[in-house]
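Hi,

Here is the structure I promised to pass along. Have a look at it first, and then read on for what turned up.

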Amino acid sequence: MARLHLFDLDGTLLHATTAPVEISRQLGREAETVALDRAIAEGRIGPPEYATQVYDLWADLTEAHVSAAFEAAPWLARIREVWAEIRGAGDYCAVVSLSPSFFVERLLGWGAHAAHGSRFPAVPFTEPVDPAGVLSAAAKVTVADRLCQEFGVSRADCVAYGDSMSDKDLFAAVPVSVAVNADGHLSGVATHSYRGRDLWDAYELVRTVQ
Ligand SMILES: [Mg+2]
């Protein structure tokens, strides 16, 4: 039976940072964005409010800024190697993230079968961000279910990788999960735990787990 590997982005594929912070760094707005990350992590704001506020910081954002952010970001090592291995085994890999779609979807170029983020307008922005297109922790499970249908697998065939409480619902829905550089709360509900900067080593923990 094929398996579906579901990867979180911020704090998981990206080490100790988030896509919005890396994007904002290109515009000199990282301090405001780090503050927003803290606010959402502490539950003081929700995903729609977060999206609206980062959108407001990005009025001057161009494709060149997004490319520079993507290239300079602190990715874990061997992401492309892991996805090539998953593909070679006949399995599936997908990224599901609350971060903006225009950043997350770049990972299709690295070999992900699917990449889902919060729906933002195209860069440079000429339209507002629609709060209805912003993902939540619960929406990650909905997206995972849709991907299962698309790839002809079930939740029982899924492996999830994540770092924070926004991955908790998904970890509860699948039989195998890897907490990557996670805090104790998430590690407590994961079947496996990894600390470090090499995705291959995290993947090795669950490669042969049924
Ligand atoms: Mg994360």
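This is a predicted model: local features need pLDDT of at least 70, side-chain atom pairs count only at pLDDT 80 or more; totals for chains, interfaces and linings use all residues.

Residues are numbered from 1 along each chain as its sequence is written, and side-chain values use heavy atoms, with hydrogens and water left out.

D8 sits in the loop between β1 and α1 and D163 in the loop between β4 and α9 (168-173), so the pair, 155 residues apart, links distant parts of the chain. Helices here are DSSP runs of H or I with at least four residues, and strands are runs of E with at least two, numbered from the N terminus. Both D8 and D163 are buried (under 20% relative accessible area; exposed is over 50%, partly exposed in between; 1.4 Å probe, protein chains only).

T17 is also worth a look, in the loop between α1 (9-13) and α2 (19-25). T17 counts as buried because its relative accessibility is 11%. Leaving out residues up to four places away in sequence, T17 touches D10, G11, E22, R25 and P74 (contact means heavy atoms within 4.5 Å).

The sheet is open, with six strands in the order β3-β2-β1-β4-β5-β6 and parallel pairing (two strands pair if DSSP finds at least two bridges between them). β3 (114-118) and β6 (192-194) are at the edges with a single partner strand each, so one side of each has no neighbour in the sheet. Strand β5 (residues 176-180) pairs with β6 over three bridges, and V178 has H192 of β6 as its bridge partner.

Finally, the largest nonpolar core has 51 residues, and L9, L13, W75, W83, F102 and F103 touch the most other members. Such a core is a set of buried Ala, Val, Leu, Ile, Met, Phe, Trp, Tyr and Cys residues joined through side-chain atoms within 4.5 Å. Helix α4 (residues 47-57) gives the largest share of this core, five residues. Another core, of 25 residues, lies apart from it and includes V96, C148, F151 and A179.

Best wishes
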